[in-house]
Amino acid sequence: MEVKTVEYINLSELIDTVYNCKPNERFCFILGAGASVSSGIPTGAQMATKWLKELEDFGHEKTEDWLDALKEEGKNIAENPGIYYSELYDRRFENPLDGYLRLQKEMESITPSIGYYYLSCILANTKNNLVITTNFDSLTEDAVYTFTGRKALTITHEALAKYIFIKSGKRTKIPDRPIVAKIHRDLFLQPKSKAEDIKELSEEWKNVLKEIMDICTPIIIGYGGNDGSLMGFLESLDDNKKIYWCCISNPNDRIHNLLEKYDGYLVHIEDFDKTMYSFGVKFKYKFSEEKLKNDIEKRVQKYNIQIESLDPERNIEEAKQYFQNGKTHHLNKKYFEAIIDYTKAIYLNPGNDAYYNGRGVAYYNLEEYDTALIDFTKAIELASDNAKYYYDRGNTNKYLKKNKEAESDFAKAKELGYTPT
């Protein structure tokens, strides 16, 4: 019988494969806790080690008895806590709510590391737009919105898993937008950490992921394969499924056996950020500090304008100044510049009839009669006893060949005592 071995390839080979993929090929990313470390979130192993120490500090004798009992079952938790993350979670947080709150504290104020910038660019700009993750954090979807301005379709519960696809008749299609599938749920939606919860993948996710694996080749980064759910699912795939598993250190036996089964590839990497940066270089995604600053400044300016609009007294004074500036431009026959200042005045004080009429006259002088008519009508709505406004609108209707309306406006202007100069 032929003995299979795992083939090692360089990261550059993997990136070239993705970059030069055929039209009918596409890849997806499977991310584990290792992808979140540089963003400030502890790995599962780090959290498990911390929980073990807390258990020892809180109840040393009981914890020793528990560890000894597990040793008899062949589980040496103290030697490698990360493998027994779920058992430690169960023991440390007997009340599930305490566990949820602890995880939220670890993750909710975290911002994406630079690696997520390059990942978000791939998700937003290529057909390789899907992330499957055991993580609870929102780093991927936060990065997609922050860096690309797009909203990711984020599936946070197994009951929503089917909505990853668009179905048309017998055809199943993955939408074009970035997608994040959280198979252990979201940070704020009862995330799955208990041993019984991650022993096996839910049927909803199994069905959906089987379809995904028929379409996509998985690239696994930062995932240790220590849970029964996702790892068990990967082990159940057909033998001809290609998998790329990125590891910082040598994989455990379970990963090694999986890759042997599929003739999979092992890719040695340094960390998540450097890996995604290398992808970014190949795809020519260049981080722009200036663009990010401009995006933030535009948002701040928008909010400041909105805040200022809530201060009526200040707005009235600023509006007067803009109106005076507009009149100065108007006298100098700089009608376009006048319109800009009149518009600013209207934004700050939309109830002032003179501002609309002034802008209407400027539009009239630019021979934009339809737009001028709108402003004159608004001015009349605000001040129906102003004779000049009717006269100005009458002239505009005249140029638009609306003779009946023009006559009516001129008659109203005369009735109100307007005499043309």
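E141, K182 and D186 are linked in a network of salt bridges, a salt bridge being a side-chain nitrogen of Lys or Arg within 4 Å of a carboxyl oxygen of Asp or Glu. By this rule the count comes to 17 salt bridges. The model is predicted, with local features needing pLDDT of at least 70 and side-chain atom pairs counting only at pLDDT 80 or more, while totals for chains, interfaces and linings use all residues. Residues are numbered from 1 along each chain as its sequence is written, and side-chain values use heavy atoms, with hydrogens and water left out.

**Helix α7**

- Helices are DSSP runs of H or I with at least four residues, and strands are runs of E with at least two, both numbered from the N terminus.
- In helix α7 (residues 139-148) the buried residues are L139, T140, E141, A143, V144 and F147, where buried means under 20% relative accessible area, exposed means over 50%, and partly exposed lies in between (1.4 Å probe, protein chains only).
- After α7 comes G149, which has a positive phi near 80°.

- E235 counts as partly exposed because its relative accessibility is 27%, and R254 counts as partly exposed at 32% relative accessibility.
- K378 and E381 meet through their side chains in a salt bridge of 3.8 Å, N to O, and both lie in helix α16 (residues 369-382), 3 residues apart, about one turn of the helix.
- K378 is partly exposed at 30% relative accessibility, whereas E381 counts as exposed at 57%.
- D392 and K388 form a salt bridge through their side chains at 2.7 Å, N to O, and because they are 4 residues apart in helix α17 (residues 387-399), about one helical turn separates them.
- D392 is buried, with a relative accessible area of 11%, while K388 counts as partly exposed at 33% relative accessibility.

**Packing of helices α2 and α5**

- Two packed helices are described by the angle between their axes and the distance between the axes.
- Helix α2 (residues 44-58) packs with helix α5 (residues 96-107) at an angle of about 130°, and their axes are 13 Å apart; axes are lines fitted to C-alpha atoms, for helices over the stretch in contact, with angles running from 0 to 180 degrees between N-to-C directions.
- This angle makes α2 oblique to α5, given that angles under 35 degrees count as roughly parallel, over 145 as roughly antiparallel, 65 to 115 as roughly perpendicular and the rest as oblique.
- M47, K50, W51 and E54 of α2 make the contact with R102, L103, E106 and M107 of α5, contact meaning heavy atoms within 4.5 Å.

**Surroundings of G225**

- G225 lies in the loop between β8 (217-221) and α9, and G225 is buried, with a relative accessible area of 2%.
- Not counting residues up to four places away in sequence, G225 touches M231, W245 and R254.
- The C-alpha atoms of G225 and K344 are separated by 59 Å, the two residues being 119 residues apart along the chain.
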